[in-house]
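Dear colleague,

Please find below the structure I promised to pass on to you. My notes on what was found in it follow directly after.

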Amino acid sequence: MQKGAMPFRFQINTSLDPAKLSQQFVDRGYISIPGFLAGEGARALKTALAQRSDWHWAISADGNVYDLPPETRAAMTEAQCEELDRRIYAAARDKFQFRFSSVRVPDPVADRQPETDILHAFAEFMRSEAVMAFLRIVAGRAAIRFADAQATAYHPGDFLTGHDDDVEGKSRELAYVMGLTENWRVEWGGLLLFHGSDGQVNGLVPRFNCLNMFALPVMHSVSQVTPFAGEVRHTVTGWLRTAIPS
């Protein structure tokens, strides 16, 4: 979106009935809502994400979290990238680890740019009263007041190991994943997996214009994207919180 352009106006698909969706959420603790955005909203957002060049490499290595800007990654030699991957994969055997690309949307109002950035416009849409009211009914959570957001891109080799999103002081009530990937095959990996205490696993395949939402805390992960995946797994993800950041 060019500077000075009007922000994209996202809308919820009016054919969706939050009261009917609520029963599905109650039954499972999570829900997948296909066709969440009306009109060309999902298409516009997906196109914009695919064209961005400011993706940061979000990785965890040796217990440390790194957010590497594009220029840092571009300056790494092939040998350095291979050594970093070796360390990441070795630690992932028994620790919380991840590797994917992200573009974060800051929480403070002063740092938001909805007038020039469609990703920021989508973040504002997700925290709008219309969306909050819709999701409160679906989840049966009257206390949610705010949604944060980040865009993510999972390329071959990227993954996110098991965790429950339960971070003290963050006021996280629910998590959401807005899927923006078309024609994804289950064999390509990148599945959102819910880990049952009985050893059973339920998985959601990436889908286009589909909002996944689940209650917290719950153990979940994203399976590794395979080397032969034919697309990049694009999403916008975030948490629905009971407190508005100051």
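The chain has a radius of gyration of 18 Å, which agrees with the value near 18 Å that a compact globule of 246 residues would have. Please bear in mind that this is a predicted model. Along its principal axes, the C-alpha trace spans about 50 × 50 × 40 Å.

The chain holds six helices and 13 strands. Of the contacts with a separation of 6 or more, 80% are between residues 24 or more positions apart. Buried residues account for 48% of the 246 residues.

Turning to the interior, nonpolar side chains in soluble globular proteins tend to be buried together. The largest nonpolar core here comprises 42 residues, and the members that touch the most others are Phe-36, Met-126 and Val-236. Helix α5 (residues 118-126) is the element that gives the most to this core, contributing seven residues. A second, separate core has 10 residues, among them Phe-100, Leu-160, Trp-184 and Val-222. Beyond its neighbours within four places in sequence, Phe-36 has contacts that include Gln-11, Leu-16, Phe-125, Met-126, Met-178 and Asn-209.

Most residues other than glycine have a negative phi, and most peptide bonds are trans. Asn-209, one of the contacts of Phe-36, has a positive phi near 55°. Asn-209 is found in strand β11 and counts as buried because its relative accessible area is 9%, under the 20% limit. Asn-183 also has a positive phi, near 55°, but it is found in the loop between β8 (172-180) and β9 (192-195). With a relative accessible area of 69%, Asn-183 is exposed. A cis peptide bond, with omega about -5°, joins Leu-216 and Pro-217. Pro-217 is placed in the loop between β11 (208-215) and β12 (220-222).

Finally, a remark on Ala-50, which lies in helix α2 (residues 41-51). Ala-50 is partly exposed, with a relative accessible area of 48%.

With kind regards

Methods:
Residues are numbered from 1 along each chain as its sequence is written. This is a predicted model: local features need pLDDT of at least 70, side-chain atom pairs count only at pLDDT 80 or more; totals for chains, interfaces and linings use all residues. Side-chain values use heavy atoms; hydrogens and water are left out. A nonpolar core is a set of buried Ala, Val, Leu, Ile, Met, Phe, Trp, Tyr and Cys residues joined through side-chain atoms within 4.5 Å. Buried means under 20% relative accessible area, exposed over 50%, partly exposed in between (1.4 Å probe, protein chains only). Helices (H or I, at least four residues) and strands (E, at least two) are DSSP runs, numbered from the N terminus. Contact means heavy atoms within 4.5 Å. The radius of gyration is taken over C-alpha atoms; the globule rule is 2.2 Å times the number of residues to the power 0.38.
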